[in-house]
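Student: I am new to this structure and would like to go through it by question and answer. Please show it first.

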Amino acid sequence: MKKKVLAAMLASLMAVSMTACGGSSSQENAAAPSDSAQSQAGTEANAASADGPIALTLWGAEEDQTLLGELVEGFKAAYPDQTFDIQIGVESESTAKDTILTDVEAAADVYAFASDQLNDLVKAGALLNLEEYADALTVAGKTLDDVKSANSAGSIEAATMDGSLYAFPRSGDNGYFLYYDSSVLSDEDVASWDNLLAAANKAGKKVGMTLASGWYNASFFYGAGFTTGLNDDQTTSIDWNKTSADGYTGVDVVKSMLNIAADPAFMAIADGDISNQLASGALVACVSGTWDSITAQEVFGDGYAATKLPTFTVGDKQVQQGSVAGFKFVGVNGYAENAGWAVLLADYISNQDSQQKFFEQRECGPTNVNLIDSDAVKANVAIAALAEQSAYSKTQLVGGKYWDPTQTFGELIAQGTLSADDDAAIQNALDTLVEGVTAPVE
């Protein structure tokens with residue numbers, strides 16, 4: 001029924017738009033449609049839904065609330081003949097999937113999420129197939145092809161499943177690297193975990209990283225040549241309990257992780273709490289992403305710096321720590337009542353102008369190809385570090401069974417439950433991890 005109403009609305013709208021405008025420009029960041037088109041869109045939208053304002057809910061990260069409020073006001077101004085009731089709620093991109101899948105129908109109409117969650121959200125019907133609702137974008141004077149060409153090929157590929165686009169790319173910086181205080185640490189200090197921790201101990205400071213997360217702790221295994229993958233039946237393949245293609249054993253990698261975690265200068269930090277620990281002044285360096293750049297600048301001041309992740313010791317060799325590369329998307333709930341307007345809102349808060357504001361106010365790395373090539377983006381300290389680390393990063397495609405076992409495994413490392421001298425116990429923990437991750441999808 002929702003699609004039929006939208007189709008009727010857009011058929012009328014498109015007829016009016018063609019008469020009034022004689023066509024439209026094919027630019028991703030096109031200007032708002034003509035007054036007559038906006039008026040017709042508002043009339044049809046109201047007819048298609050309920051009397052009164054168009055009600056929409058929008059979820060985004062806590063640190064983005066102010067900016068999202070500004071963007072919502074801009075969206076309203078773009079359609080002055082339509083009234084809206086848009087409620088903004090707090091939900092981190094990293095936990096969006098877990099919250100949404102608890103009750104998809106009760107979740108927000110429009111929400112931001114990390115790219116590695118797309119598969120599960122699509123399977124649950126929590127994301128609208130944008131190909132089926134592409135006509136809604138005519139109200140904004142653009143096509144879905146305009147959106148695709150305006151953003152990096154990698155971001156569009158990651159937002160696509162079975163040939164259909166399911167989300168609007170908003171940022172291409174969903175990865176991590178090392179922030180540090182260059183007034184305390186030298187280039188040599190931050191080159192390896194051994195040097196980094198020794199320097200931090202000398203300075204009476206800590207180095208922070210999240211270990212209780214399969215997004216972060218996979219970095220050690222990826223660096224040593226281990227893999228994860230998503231099978232056709234949505235189960236996860238993982239080889240961390242074996243020997244990698246580079247010749248390292250999973251046991252040896254875990255020993256390295258345990259030695260790092262046991263160092264007095266290391267601080268295991270809960271997922272999402274890096275910013276608070278930075279603000280406390282306890283850290284001289286930390287593993288995080290662009291979302292913590294503003295806090296890191298404030299804390300480190302003139303010493304603010306960032307670089308690729310350090311190497312870590314495996315046996316008698318130095319191994320470059322890997323990482324996960326990903327994107328942040330804006331999606332439309334498959335159960336959104338006002339789906340057409342939800343598509344327009346999602347597009348608006350992820351278009352070139354909005355990505356520019358996310359970069360300027362939140363230092364988020366854009367996916368828009370015009371912004372990527374701008375001098376300001378290229379000169380950004382955090383984004384430059386992410387680019388440096390990208391040579392050692394992987395796209396992490398895993399099933400839903402991956403996350404809980406890897407979190408539990410990371411907790412064992414962080415808490416020192418395992419001993420670096422007990423190979424058998426480490427191997428048993430790895431076998432348990434792999435068994436849990438590879439379990440059949442229920």
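This is a predicted model: local features need pLDDT of at least 70, side-chain atom pairs count only at pLDDT 80 or more; totals for chains, interfaces and linings use all residues.

Student: Which residue caps the N-terminal end of α14?
Tutor: The cap is made by a side-chain oxygen that lies 3.2 Å from the backbone nitrogen of Asp 353. The residue that supplies this oxygen is Asn 351.

Student: Which residue forms a salt bridge with Arg 362?
Tutor: Side chains of opposite charge can pair when their charged atoms come close. For Arg 362 the closest N and O atoms are 2.9 Å apart, and the partner is Asp 64. The two are 298 residues apart, with Arg 362 in helix α14 and its partner in the loop between β1 and α3. Both residues of this pair are buried: Arg 362 and Asp 64.

Student: How many residues apart in sequence are the parts tied together by Arg 170 and Asp 64?
Tutor: Their side chains meet in a salt bridge at 3.8 Å, N to O. Arg 170 lies in strand β6 and Asp 64 in the loop between β1 and α3, so the parts they tie together are separated in sequence by 106 residues.

Student: Which residues are linked with Asp 64 in a network of salt bridges?
Tutor: The structure holds eight salt bridges. In the network, Asp 64 is linked with Glu 93, Arg 170 and Arg 362.

Technical notes. Residues are numbered from 1 along each chain as its sequence is written. Side-chain values use heavy atoms; hydrogens and water are left out. A polar contact is a pair of N or O atoms within 3.5 Å; within protein, one must be able to donate a hydrogen and the other to accept it, and residues adjacent in sequence count only if both atoms are side-chain atoms. Helices (H or I, at least four residues) and strands (E, at least two) are DSSP runs, numbered from the N terminus. A salt bridge is a side-chain nitrogen of Lys or Arg within 4 Å of a carboxyl oxygen of Asp or Glu. Buried means under 20% relative accessible area, exposed over 50%, partly exposed in between (1.4 Å probe, protein chains only).
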